[in-house]
Protein chains: 2
Amino acid sequence: MGHPISMSPMTTPLRKDAARNWDRIVAVARALVDQDIPLQLNDVASRAGVGVGTVYRHFATPEALLETVATSCLEALAAHGQQALADTDPWRALEGFLFRTVEAQVTDASLAPVAAAATDTLPRTTELKRALQSVGTALLDRARDAGAVRRDLAAADLVPLMCGIAYAVNVHGGTPADRIDTAHRYLATLLEGLRATPQHA
Amino acid sequence: MGHPISMSPMTTPLRKDAARNWDRIVAVARALVDQDIPLQLNDVASRAGVGVGTVYRHFATPEALLETVATSCLEALAAHGQQALADTDPWRALEGFLFRTVEAQVTDASLAPVAAAATDTLPRTTELKRALQSVGTALLDRARDAGAVRRDLAAADLVPLMCGIAYAVNVHGGTPADRIDTAHRYLATLLEGLRATPQHA
DNA sequence: CCCTAAGCGGATAGATCATCCGATTGTGTG
DNA sequence: CACACAATCGGATGATCTATCCGCTTAGGG
């Protein structure tokens with residue numbers, strides 16, 4: 001699957017047992033994140049049935065493990081971003097992309113902290129975040145050129161705003177279904193404000 | 001100043017040395033919060049020049065200490081809320097109140113965690129939060145009755161949204177001045193969306 | 001089959017947290 | 001003022017959590 005080496009072909013492949021342990025650890029971490037249990041590496045080790053040293057060797061910090069867990073989700077977002085760029089309607093493209101982004105953050109607890117972190121542990125995370133940022137910038141610029149969004153919001157505001165919405169949803173709370181609904185309402189409201197406001201012209 | 005007993009007249013006053021230590025501890029905590037240093041009670045004790053036991057006796061948990069630090073700020077907000085209720089323009093009143101709220105959260109690091117916490121440690125905090133909530137509800141209802149805000153946002157959304165904005169500002173980062181500016185931009189955008197949107201009628 | 005290096009795993013040192021209790025000090029009383 | 005007693009102090013201490021190090025095991029090429 002998604003072992004580190006699958007991204008960097010220059011590294012010697014992991015030994016079979018190492019790969020197995022890597023999978024176990026990430027699977028356990030995924031489960032913990034889904035249950036909102038904080039990632040403590042000692043704990044992960046015992047749950048995965050491996051030694052503490054093994055976990056620390058693969059992932060130097062809880063953040064590194066969390067980023068690994070988040071990777072697939074980030075990749076899916078980036079992929080959708082590419083599709084959005086192909087949409088001919090600039091506003092619809094931006095709107096759809098942002099909806100997916102918040103929905104992902106609200107659905108997957110691993111995403112929010114990774115998105116909000118100023119500095120990344122893994123190069124892969126940096127790479128993916130950069131890609132997402134550039135897609136967002138492109139979509140926003142296009143929408144702005146089309147006169148569809150107000151001019152005082154910059155590309156650098158997109159990530160913070162999406163994180164803010166996700167955070168607000170968490171504060172609001174509720175069942176998973178509620179949360180998605182809340183996320184939609186909040187984002188819809190924000191987008192209404194994001195639109196260029198012709199009534200002020 | 002604001003010792004616990006000043007709010008509950010039924011309790012015997014603190015002994016002189018106890019009051020002095022209480023002040024020292026809160027002052028140190030205030031300073032730590034302002035420097036974004038996490039509140040660790042052992043650490044607070046040594047910085048305040050008191051024993052660990054003393055700190056733990058006054059504040060059972062870091063949250064209790066944080067809530068105490070935040071109290072004066074919450075009181076100021078509640079006071080402003082009362083003034084806002086006196087404003088005859090429903091929209092302006094709501095807008096002003098919300099601006100103050102985010103500004104406070106962005107300015108004072110003790111506020112955000114206290115506002116976002118689902119459950120309070122101190123009764124006083126619960127009381128103040130309830131008061132703020134009811135002011136917010138009143139302002140929102142009034143604005144809605146005046147047809148000034150969209151109907152699909154409830155009073156229960158106000159706190160989460162304000163926390164979300166503050167969080168977004170933190171993710172965005174920058175100097176204190178930048179942060180206040182960012183907060184204003186974000187809130188202005190959100191408020192634009194919060195307004196009733198007549199062009200959809 | 002054997003050798004080597006990659007990988008394993010847990011004992012353990014180090015840091016942090018929170019409690020408990022003997023020593024100290026403020027305060028009301030005679 | 002001297003005393004008694006209760007309130008408060010403070011840090012030694014045990015519990016918990018974090019992360020490293022190193023002797024043992026095992027995969028996999030020759």
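Modeller: α1 (16-34) and α3 (52-58) of chain A, with α1 (16-34), α2 (41-48) and α3 (52-58) of chain B, each supply at least two residues of the surface near DNA strand C. Helices here are DSSP runs of H or I with at least four residues, numbered from the N terminus. The model is predicted, so local features need pLDDT of at least 70 and side-chain atom pairs pLDDT 80 or more, while totals for chains, interfaces and linings use all residues. Residues are numbered from 1 along each chain as written, with chains lettered from A and ligands numbered from 1 in written order.

Colleague: Which helix gives the largest share of the surface near DNA strand C?

Modeller: A residue is near a strand if its C-beta atom, placed from the backbone, lies within 6 Å of it. 20 residues surround DNA strand C. The largest share, four residues, comes from α3(A).

Colleague: Which residues come nearest to DNA strand D?

Modeller: α3(B) gives the most to the surface near DNA strand D, with four residues. Of the 20 residues around DNA strand D, the nearest are Gly53(A), Asn21(B), Val50(B), Gly51(B) and Gly53(B).

Colleague: What rotation superposes chain B on chain A?

Modeller: Superposition is by least squares on the C-alpha atoms of residues with pLDDT of at least 70 in both copies. The shift along the axis is 0.0 Å and the RMSD 0.0 Å, for a rotation of 180°. The two copies are thus related as by a two-fold rotation axis.
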